[in-house]
Amino acid sequence: MEKGVQRWIVDISKWNPSSNDFSFALSLLPQTHHPSITRFVKMEDRKRALVSLLLQYALVHEVLGIRYSDTVINRTLEGKPFLERGGFSFDIPNFNFNVSHHGDYVAIASEPLCLVGLDIVNFTIPEKETVQEYIQNFSSCFSSLEWDRIITAGSNEDVLTEFYRYWCLKEAYVKAIGSGLGYGLQNVEFHHINWTNISVKVDGVTNPRWRFWLFDLGKGHSVSIARGHPRSAVESYKRSLKRTEFDEEEYNVGLHLPNPRFAFKTVEELISVVHKALCS
C-alpha cells in the first residue's frame with residue numbers, strides 16, 4: 001500500500017512560461033477544466049490552478065497506471081477533488097488525494113486507505129493591516145487555548161507563525177473530511193509538543209484515529225498533512241470512496257504507514273508525464 005502514499009510539490013516561482021508554453025500545458029488537460037484556470041486574471045493564479053491539475057493527473061497516472069483517456073477527476077459540491085472510479089479495480093483499497101496552493105508552492109498528497117488533507121500557508125498579511133489587526137479577523141476560528149497560545153507567542157513574527165501553523169492544521173483536517181468553508185473551525189482544537197506529536201480534539205473529544213504532520217518549506221511557507229478515518233468524511237465525499245469501514249487492524253496499518261517528505265517536481269516534469277500519458 002505504500003505506493004499510494006505520495007507527496008509531490010512544485011515551486012511555481014521557478015516556472016515562467018511564455019504564452020505558447022502555457023497554452024501547450026493547458027491543452028494537455030481536459031476541456032472541462034479550462035474555465036477553472038482561465039477565469040483568473042493574474043498569471044500567478046492561473047499558474048497555481050494549472051499546476052494543481054497537472055499534479056492530479058500526473059499522480060493518478062503514475063500511481064494507478066490508469067490510461068489518461070480513462071481518467072476523470074471531478075469535485076464534490078464542497079469543492080474536494082476526487083477520482084471517478086468507474087469500473088476500475090485497484091490494489092489500493094481507498095485511493096484518495098488532496099491538493100493545495102499558496103504563495104510559491106503547489107502540492108498534492110495521496111493516501112491508499114485513510115482520508116488525506118493537505119494545506120499550504122504563506123506567512124503574509126495585507127499591507128495595510130498590522131499582525132494583530134489581521135489575526136483578529138479570524139479569532140472566532142480558534143479555541144480559547146489555541147488563541148491564548150497565538151497571542152502570547154512573542155514577537156509579531158512569532159505570533160504570525162503560530163497563527164498560520166494552527167490555521168494550516170485546521171484547514172488540512174477540514175479538507176480531509178471534504179467539508180466546505182462553513183465548518184466550525186473553533187470546534188477543531190490542536191495539541192502538540194513543539195509542533196510534533198500533533199493530536200486533535202473535535203467537539204472536545206480527542207480523536208486517536210487521526211495523525212498530523214507540519215513541515216517548514218522555507219521562504220515563509222509551511223505545509224500540513226492530515227491522515228484520518230474515512231468514516232469522518234462528509235456524505236458527499238464518502239460517496240466518492242470505495243470503502244469507509246475497516247476493521248481495527250487493517251485501519252491501523254493505513255494510519256501508521258510512513259509519511260514521506262515531499263518530492264520536489266518541476267512543471268516540465270509534470271508536463272512530460274501528462275503528455276506521455278495522453279499519447280499512449
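These are my notebook entries on what I looked up in this predicted model.

**Entry 1: aromatic rings**

I started with the rings. Searching the whole structure turned up 20 aromatic pairs. I picked Phe 138 and Phe 163 to look at: their ring centres are 5.7 Å apart and the planes meet at 50 degrees, so I noted the pair as tilted. Where do the two sit along the chain? Phe 138 is in the loop between helix H4 (131–136) and helix H5 (144–151), while Phe 163 belongs to helix H6 (residues 156–177). That puts them 25 residues apart in sequence, so this pair ties together separate parts of the chain.

Phe 138 has 23% relative accessibility, so I wrote it down as partly exposed. Phe 163 has 1%, so Phe 163 is buried.

Phe 138 also pairs with Trp 167. Here the centres are 5.3 Å apart and the planes are at 65 degrees, so this pair is edge-to-face. The cut-off I needed was that planes over 60 degrees apart count as edge-to-face. Trp 167 is in helix H6 and Phe 138 is in the loop between H4 and H5, so this pair links parts 29 residues apart in sequence. With a relative accessible area of 17%, Trp 167 is buried; the limit for that word is under 20%.

Then I asked myself which residues form one aromatic cluster. My list reads Phe 123, Tyr 134, Phe 138, Phe 142, Trp 147, Phe 163, Tyr 164 and Trp 167.

**Entry 2: a charge over a ring**

I also found a lysine above a ring. The charged end of Lys 265 sits over the ring of Trp 8, and its distance from the ring centre is 4.5 Å.

**Entry 3: cysteines**

How many disulfides does the structure hold? I got zero. As a reminder to myself, a disulfide is a covalent bond between the sulfur atoms of two cysteines. For Cys 114, the nearest cysteine sulfur is that of Cys 168, and it is 19 Å away. A disulfide needs the two sulfur atoms within 2.5 Å, so Cys 114 is in no disulfide.

Is Cys 114 buried or exposed? Its relative accessible area is 1%, so it is buried. Cys 279 is another story: at 57% relative accessibility, Cys 279 counts as exposed.

**Entry 4: the cavity**

The search of the whole structure gave one cavity of 30 Å³ or more. The largest cavity holds about 40 Å³ of space. Its lining is made of Phe 82, Leu 83, Arg 85, Phe 95, Asn 96, Tyr 237, Ser 240 and Leu 241. Sorted by class, that lining has five nonpolar, two polar and one charged residues.

Then I moved on to the open spaces. I noted about 1000 Å³ of space in the largest pocket. It is lined by 38 residues, and those closest to its centre are Arg 75, Gly 79, Val 99, His 101 and Lys 175.

Which elements supply at least two residues of this lining each? I wrote down helix H3 (43–64), strand S2 (73–75), strand S4 (96–102), strand S6 (115–122) and H6. H6 gives the most, with six residues. By class, the lining of the largest pocket divides into 17 nonpolar, 14 polar and seven charged residues.

**Entry 5: positive phi angles**

Most residues other than glycine have a negative phi. With that in mind, I noted two residues that go the other way.

Asp 203 is not a glycine, yet its phi is positive, at about 55 degrees. I found Asp 203 in the loop between strand S8 (196–202) and strand S9 (205–206). Its relative accessible area is 58%, so Asp 203 is exposed.

Lys 219 also has a positive phi, near 55 degrees. Lys 219 sits in the loop between strand S10 (211–218) and strand S11 (221–228). At 47% relative accessibility, Lys 219 is partly exposed.

Last, I looked up Ser 110, which lies in strand S5 (residues 105–111). Ser 110 has 0% relative accessibility, so I put it down as buried.

Conventions:
Residues numbered from 1 in each chain as written. Predicted model: local features only at pLDDT ≥ 70, side-chain atom pairs only at ≥ 80, totals over all residues. Heavy atoms only, no water. Phe/Tyr/Trp six-rings, centres within 6.5 Å; stacked < 30°, edge-to-face > 60°. Helix = DSSP H or I, 4+ residues; strand = E, 2+ residues; numbered from the N terminus. Buried < 20%, exposed > 50% of the residue type's maximum accessible area, 1.4 Å probe, protein only. Lys NZ or Arg CZ within 6 Å of the ring centre and 35° of its normal. 1 Å grid on protein atoms, 1.4 Å probe; cavity = no way out; pocket = protein on both sides within 12 Å on 5 of 7 lines; lining within 4 Å. Points joined across faces, edges and corners; volume = space filled by probe spheres on them. Nonpolar A, V, L, I, M, F, W, Y, C, P; charged D, E, K, R; others polar.
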